[in-house]
Amino acid sequence: MFFIRGVSLFSELCSTPILRSVNGVLAILCSVIVYEIITLLRPDIDERKATIFAVVLALYPLHWFFTFLYYTDVASLTTVLAMYLACLKKKYHLSALLGAYAVFIRQTNIVWMLFVACTGVMDITLAHQRESLKVDNLNTTGNKIGHSVPSNRIIVGSNMRRRKPNSAVDNSKSSMTSTLIYSTSHSLGFLDEIKAICLTSWHMKSKLLFSFSPFLVVLVAFVAFVRWNGSVVLGAKEAHAVSPHFAQLMYFSLVSSLALAPLHFCLDQAEHLFRSFWKKRALGFCQWIVALAAGFISVQSYSIAHAYLLADNRHYTFYLWRKVIQSHWSTKYLLVPLYVYSWFSIFRVLARPKIWVLAYFLATAAVLVPAPLIEFRYYTIPFYLMILHSHTVDTQCLVVIGLGYVVTNVFTMFMFLFRPFNWSHEPGKQRFIW
C-alpha cells in the first residue's frame, strides 16, 4: 500500500508542470546570484542599477526561453554562477562542491570549473601583489616626507606649521590609496602579469594548495569518468563527437555582440576601437591581419554543417544557416570582418586583467570549439560572464537591451505556442525553438 502511494507521489512530482517549474525556481535563484555577483564586482553600483541589470539578464532570450522547458541550461548556468559567486567570496571549498554539481549537470562545465579556479588564484595573487606594492609605496612616501621635513623644525613652529607635515602625509596617503584601488594589472604588461602571478603563487603555494585542492579532486574524478565512459558525452556519442569547429568562436562573438548591440555596435565604441588601433598603428594593423586570417581559415576549413543542423527545421539555426550563411558562397567570408570586430569589441569592454581575458577566451574556446553542432544555448555561460565583467554598460543602455530582449521573447514564444507544424515522417506537433 505504502509502495503504491510512493509510486503515485513520485509520478505526481515528475509530472510535466512540476518538472518545468523547477527551471522557473532556478531562474529566480539565478537572478539573485547575478545581483550578488554584480554588487561584488562593482561595489559602487547602486541597488536600482544592480536590480535592472539582474532583470535584463533574466530576460536574455536564450535563458528566458529554456526557463519554461525541462532543459539543463538554466540549472547549468545557475550552478556555474553560484560556483563563481562562492569563489568571489573566497569560499573555495564550497565553490569546488558547486563545481562538482555543475559538472554532474553538464560535463563541459569542467572547463568553467577550471576557469573559476584560475580566476580565484589570479585574485589571490594579484591582491597580494597589490598589497605588497601598497606597503612599499607608503613606506617610500613616508621616508621621503621624513627626510624633507626634519622633526626638530616641526616642533619649534606654530600650530599651522605643526599640522602642515601631517596634512602632507594624509594627502600622500589618500593619493596613494586612490591609485592603488585599481588592479595591479593596469600598470603591468601581459608578461609582467604572468610573472607576478607565477612568483606569488610559488611563495603562497601552501595556502593555494589548501584552498584549491578540492578543485583538483573534482578534476581527477572527471578524468576517471572520461576514461571509464570513453567520452565526455553521455548518450549519443556519435552525434556529438569532438570536432575542430573553430568557426564556433566566430559565431559566438557576433551573436553575443548582437545581444548587446547598443554597447558594441554604436559610434562611440567604433570610435574608441579606431583610436586605440590608431595610437599603435603597426601593432593594430598586425592584430587585424592575424585576426582576419584566423577568421577566414576558420570559416573555410573549420566550419561544420552537422547533420542535425541541416535536417532539424525546428531550430532557428537551421534557417540562419540556410538563409544567411549559405545564402551565397561569399556570405560566410563577408561576415568575417564582423566576427573580428565583435571579438575586439568584447576584449575592449572586459574590465579585467589581461591574463583574465586570455583565460576567458581559452575557456570559451575549450567549450565551443569541440562542439560540432551550432547551438546558441551553448553560448549562454560565456555570454553571462562577458556582460557581468563589461564596464561600460550604463542604465540607458541596459533599458534598450532589455526592450530588445522583450521583443525577441514575445516573438519566440508566439512562434512556439501558436505556429506549430507537422512532420510527415513523425506523428505529433513540432514547435519552433532556439
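This is a short tour of one structure, stop by stop. The model is predicted.

**Stop 1: the annotated spans**

Start with the record. The unreviewed UniProt entry marks residues 18–38, 50–71, 208–228, 248–267, 288–311, 331–350, 357–378 and 398–418 as "transmembrane region". Select residues 208–228. This span is 100% helix and 0% strand. Its end C-alpha atoms lie 30 Å apart. Now select residues 288–311.

**Stop 2: helix H19**

Select residues 336–349. This is helix H19, with 14 residues. From first C-alpha to last, H19 reaches 20 Å, close to the 20 Å expected at 1.5 Å a residue. Is H19 enclosed or open? Of its 14 residues, 10 are buried, so H19 is largely enclosed by the rest of the structure. Colour the buried ones: Val 336, Tyr 339, Val 340, Tyr 341, Ser 342, Trp 343, Phe 344, Ser 345, Ile 346 and Val 349.

**Stop 3**

Next, pick Asp 123 and Arg 352. Their side chains meet in a salt bridge, 3.2 Å from N to O. Asp 123 sits in helix H7, and Arg 352 in the loop between H19 and H20. The pair links distant parts of the chain, 229 residues apart. Asp 123 counts as partly exposed, at 25% relative accessibility. Arg 352 is also partly exposed, with a relative accessible area of 22%.

**Stop 3: a salt bridge within one helix**

Select residues 267–279, which form helix H14. Show the side chains of Arg 275 and Glu 271. They meet in a salt bridge, 2.5 Å from N to O. What separates Arg 275 and Glu 271 along H14? They are four residues apart, so about one helical turn lies between them. Arg 275 is partly exposed, with a relative accessible area of 48%. Glu 271, at 37%, counts as partly exposed too. Across the structure, the count comes to seven salt bridges.

**Stop 4: Asp 73 and its partners**

Go to Asp 73 and Arg 377. They form a salt bridge, with the closest N and O atoms 3.2 Å apart. Asp 73 lies in helix H5 and Arg 377 in the loop between H20 and H21, so the pair ties together parts 304 residues apart in sequence. Are these two buried or exposed? Both Asp 73 and Arg 377 are buried. Together with Asp 73 and Arg 377, they are linked in a network of salt bridges.

**Stop 5: the cavity**

The structure holds one cavity of 30 Å³ or more.

**Stop 6: the second largest pocket**

Finish at the second largest pocket, with about 800 Å³ of space. Its lining has 31 residues. Closest to its centre are Arg 106, Thr 108, Val 232, Val 233 and Tyr 378. Helices H5 (73–88), H6 (92–105), H7 (109–148), H20 (354–368) and H21 (380–388) each give two or more residues to the lining. H7 supplies the largest share, four residues. By class, the lining has 20 nonpolar, eight polar and three charged residues.

Conventions
Residues are numbered from 1 along each chain as its sequence is written. This is a predicted model: local features need pLDDT of at least 70, side-chain atom pairs count only at pLDDT 80 or more; totals for chains, interfaces and linings use all residues. Side-chain values use heavy atoms; hydrogens and water are left out. The expected span of a helix is 1.5 Å times one less than its number of residues. Buried means under 20% relative accessible area, exposed over 50%, partly exposed in between (1.4 Å probe, protein chains only). On a 1 Å grid over the protein atoms alone, a cavity is a set of points where a 1.4 Å probe fits but cannot get out, and a pocket is an open set with protein on both sides within 12 Å along at least five of seven lines; lining residues have an atom within 4 Å of a point. Grid points are joined across faces, edges and corners, and a volume is the space filled by probe spheres set on the points. Ala, Val, Leu, Ile, Met, Phe, Trp, Tyr, Cys and Pro count as nonpolar, Asp, Glu, Lys and Arg as charged, and the others, Gly among them, as polar. UniProt positions are given in the numbering used here, feature names are shortened, and annotations may be inferred rather than shown by experiment. A salt bridge is a side-chain nitrogen of Lys or Arg within 4 Å of a carboxyl oxygen of Asp or Glu.
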